[in-house]
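Biologist: Before we discuss the packing, I would like to have the sequence and the coordinates in view. Could you bring them up, please?

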Amino acid sequence: MKLFKINPMDNFLYFYQHLPYNINPTAFSLGFFRVDWYSLMYIFGFLAVYLLLKYRIKREEIKLEEIFNSQFSIFNKFSNQKIKIQKKYEDLLLDLLSYSFLGLIIGARLGYVLFYNFSYYWSNPLAIISPLDSAMHQFIGIYGMSYHGGLIGVILVAWIFARKNKINFFALADFVVPAIPAGYFFGRLGNFLNGELYGRVTEKFWGMYFPSDALGILRHPSQIYEAILEGIILFLVLWTLRNNEKFKDKMLGLYLLGYAICRIIAEFFREPDSQIGYIFSFLTLGQILSGIMLFFGALLIFFGSKLKKC
């Protein structure tokens, strides 16, 4: 009788490639109430950005009076008021992030409706906000978010917030932007845990099988690629340059440019939305939107200082 040895590496590879099958998208549930990992990752991302910016305030890495137009400068004469000033900055920061989070959710949803499936939502407008299926019987949640729509929502909310509170928008962007990619890391991790936005078909051994893939074939774990590119790498670049005077008033442009490049690269591995497919037979909508983003990022880098004076 011939015995066959089981190769431990084969077992490990099988486990790795089928990892998404072993992940429960639901973190916990209580009766009808359910919390998914995807939702928790949004919260973790929000907290990561807030804590990083709070760290910058405590380290006094940036002249906050430049951001807030010296509106609290009356306290600067008294050293014992320093804690009060810092607390005021932190309160405004929390307000900004809270409004930005709301702008992110609304913008991301409307962006998906307008950019990715307009014809469907034009015929089914209630589906934009309804968590039920088209027959209004089964709860399916609200799925479909667009990063580029969310970006527009955040920038618009931040600009309104800056105008309302007499805050220097570009100085505020210099302060906030370096921390933003840390939030994206958790967002993309949420996509992976939710088994969505998987990549194109591949024969590479690091590919994975995803339960939601009807074809059941090996695919690039593009969510992880994006978590690394848009989250870790972009964060390291921006965080390293955050106090560099050469990039004063240019961090927003640098972020737009950097993210666009990372996203364009990642899109070569990501499966395009089925209702859209490829544009011009090789481009995805995400790459086209990122190309536009790259253009505006370059403009802000070269003309940011002039725009600040407008």
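Biologist: At what angle do helix H2 (residues 37–59) and helix H8 (residues 180–193) pack?

Modeller: This is a predicted model, in which local features need pLDDT of at least 70 and side-chain atom pairs count only at pLDDT 80 or more, while totals for chains, interfaces and linings use all residues. Residues are numbered from 1 along each chain as its sequence is written, and side-chain values use heavy atoms, with hydrogens and water left out. Helices are DSSP runs of H or I with at least four residues, and strands are runs of E with at least two, numbered from the N terminus; axes are lines fitted to C-alpha atoms, for helices over the stretch in contact, and angles run from 0 to 180 degrees between N-to-C directions. The axes of H2 and H8 lie 8 Å apart, and the angle is about 170°.

Biologist: Which relative direction does that give H2 and H8, roughly parallel or roughly antiparallel?

Modeller: Angles under 35 degrees count as roughly parallel, over 145 as roughly antiparallel, 65 to 115 as roughly perpendicular and the rest as oblique. With its angle of about 170° to H8, H2 is therefore roughly antiparallel.

Biologist: Which residues touch the most other members of the largest nonpolar core?

Modeller: A nonpolar core is a set of buried Ala, Val, Leu, Ile, Met, Phe, Trp, Tyr and Cys residues joined through side-chain atoms within 4.5 Å, where buried means under 20% relative accessible area, exposed over 50% and partly exposed in between (1.4 Å probe, protein chains only). The largest such core has 44 residues, and those that touch the most other members are Leu53, Phe175, Tyr255 and Met293.

Biologist: Where is Thr284 found, and with which residues is Thr284 in contact beyond four places in sequence?

Modeller: Thr284 sits in the loop between helix H10 (251–267) and helix H11 (285–309), and its relative accessible area of 2% makes it buried. Taking contact as heavy atoms within 4.5 Å, and leaving aside neighbours within four places in sequence, the partners of Thr284 are Arg200, Glu267, Pro272, Tyr278 and Ile279.

Biologist: How far apart in space are Gly231 and Ala182, C-alpha to C-alpha?

Modeller: Gly231 lies in helix H9 and is buried, with a relative accessible area of 2%. Not counting residues up to four places away in sequence, Gly231 touches Pro181, Phe185 and Glu226. Gly231 and Ala182 are 49 residues apart in sequence, and their C-alpha to C-alpha distance is 5.5 Å.
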